[in-house]
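Open the model in your viewer and keep the selection panel at hand. The tour goes stop by stop.

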Amino acid sequence: MASSSTTHPTHASAERSPELEHEPEHEHEQPHRLQGALFQPIGDEGRAELVERRLVDAITRGHLRAGERLPSEADLSKSLGVAPVTVREALLALRGRGLVVTRRGRNGGSFVAAHADPLTFAREAVGRTSRLALRDLGAHYAAITGACVRLAARRADPSETQRVRRRLERIEELDPEAQRRLLDDVQIEIVALSQSARLTREQMKLQAELSPFLRLVAHETENLRRQGAHLAAVIDAVEAGDPDAAGARTELMAAETIDALIRLQAATG
């Protein structure tokens, strides 16, 4: 993946990260876009422990769901930039931890264990995270995502903004889990309209980190709809070419999420 950022306001599709280039026809067939952030190459530190940690993150954050089939060892090896034997060792460790099961036969492979519940993992993560750390995560997310949507408001092509809006409008057709994934994807697609490859990659990492907390906050339908309303307002601002409104709504969404997590932490502490 290229590491250079884009400084020229060209068409957004030319600058979008590879994870964002193809639009699947059906939501349920779509590989979750945040998997792109979780399966970026590890590089020279390609140890089994790092592969294991990356896969654990994908499972505990809900980007790989219970019962979902993992990519093949060959595909994981290629995506993560490590040897197949390293992937095999990491999968063995995950099986030992009970997060992955292996099935034999023509439809076999490695699958996320049926008991893997991202909401449970998210609650545990909130419980062991300090309020200061939660506030810091919110500030980081708001700063990066806010910068992205402000750039998008200056650079986005109206036709692309409308395409993102059409995707968001499909949310009522989906089940709650697919709705949560769609909100993640829409957020990343708005960010990609910034035409900055560097910022988009950085935001995808943050989205992957915050996503389980967003899922926890949006466990109730009312909160899920509020997150959707925030994104709809950001799309409106980007389409109107209003960077201040786009950034302010993004910052409000981040602040509400962190406040909700702190209230949840206090209620369960």
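Is H115 buried or exposed? Select H115: this residue is exposed, with a relative accessible area of 58%. Here buried means under 20% relative accessible area, exposed over 50%, and partly exposed in between, with a 1.4 Å probe and protein chains only.

Before going on, note that this is a predicted model: local features need pLDDT of at least 70, side-chain atom pairs count only at pLDDT 80 or more, and totals for chains, interfaces and linings use all residues. Residues are numbered from 1 along each chain as its sequence is written, and side-chain values use heavy atoms, with hydrogens and water left out.

**Stop 1: around H115**

H115 is found in the loop between β2 (109–112) and α6. G67 and H115 are 48 residues apart along the chain, yet their C-alpha atoms are separated by 8.7 Å.

**Stop 2: the whole chain**

Zoom out and colour by secondary structure. The protein has 12 helices and 2 strands. Helices (H or I, at least four residues) and strands (E, at least two) are DSSP runs, numbered from the N terminus. From the N terminus on, the order is α-α-α-α-α-β-β-α-α-α-α-α-α-α.

Of the 269 residues, 49% count as buried. Contact means heavy atoms within 4.5 Å. Among contacts with a separation of 6 or more, 74% come from residues 24 or more positions apart.

**Stop 3: helix α12**

Select residues 243–268. This is helix α12, with 26 residues. From first C-alpha to last, α12 reaches 38 Å, close to the 38 Å expected at 1.5 Å a residue. The expected span is 1.5 Å times one less than the number of residues.

Show the side chains. Buried residues in α12 include A246, T250, M253, T257 and L261. An α-helix has 3.6 residues a turn, so residues three or four places apart point the same way. What do the buried residues of α12 pack against? Their partners are α6 (118–127), α7 (131–155), α9, α10 (197–217) and α11 (221–239).

**Stop 4: the cavity**

Select Y141, R180, Q207, Q227 and M253, which are among the residues lining the largest cavity. The elements giving two or more residues to this lining are α9, α10, α11 and α12. By class, the lining has 7 nonpolar, 4 polar and 1 charged residues. Ala, Val, Leu, Ile, Met, Phe, Trp, Tyr, Cys and Pro count as nonpolar, Asp, Glu, Lys and Arg as charged, and the others, Gly among them, as polar.

**Stop 5**

Select I188, in helix α9 (residues 176–192). I188 is buried, with a relative accessible area of 0%.

Finish at Q195, in the loop between α9 and α10. Q195 is buried, with a relative accessible area of 1%. Check its backbone: Q195 has a positive phi of about 65 degrees although it is not a glycine.

Key:
On a 1 Å grid over the protein atoms alone, a cavity is a set of points where a 1.4 Å probe fits but cannot get out, and a pocket is an open set with protein on both sides within 12 Å along at least five of seven lines; lining residues have an atom within 4 Å of a point.
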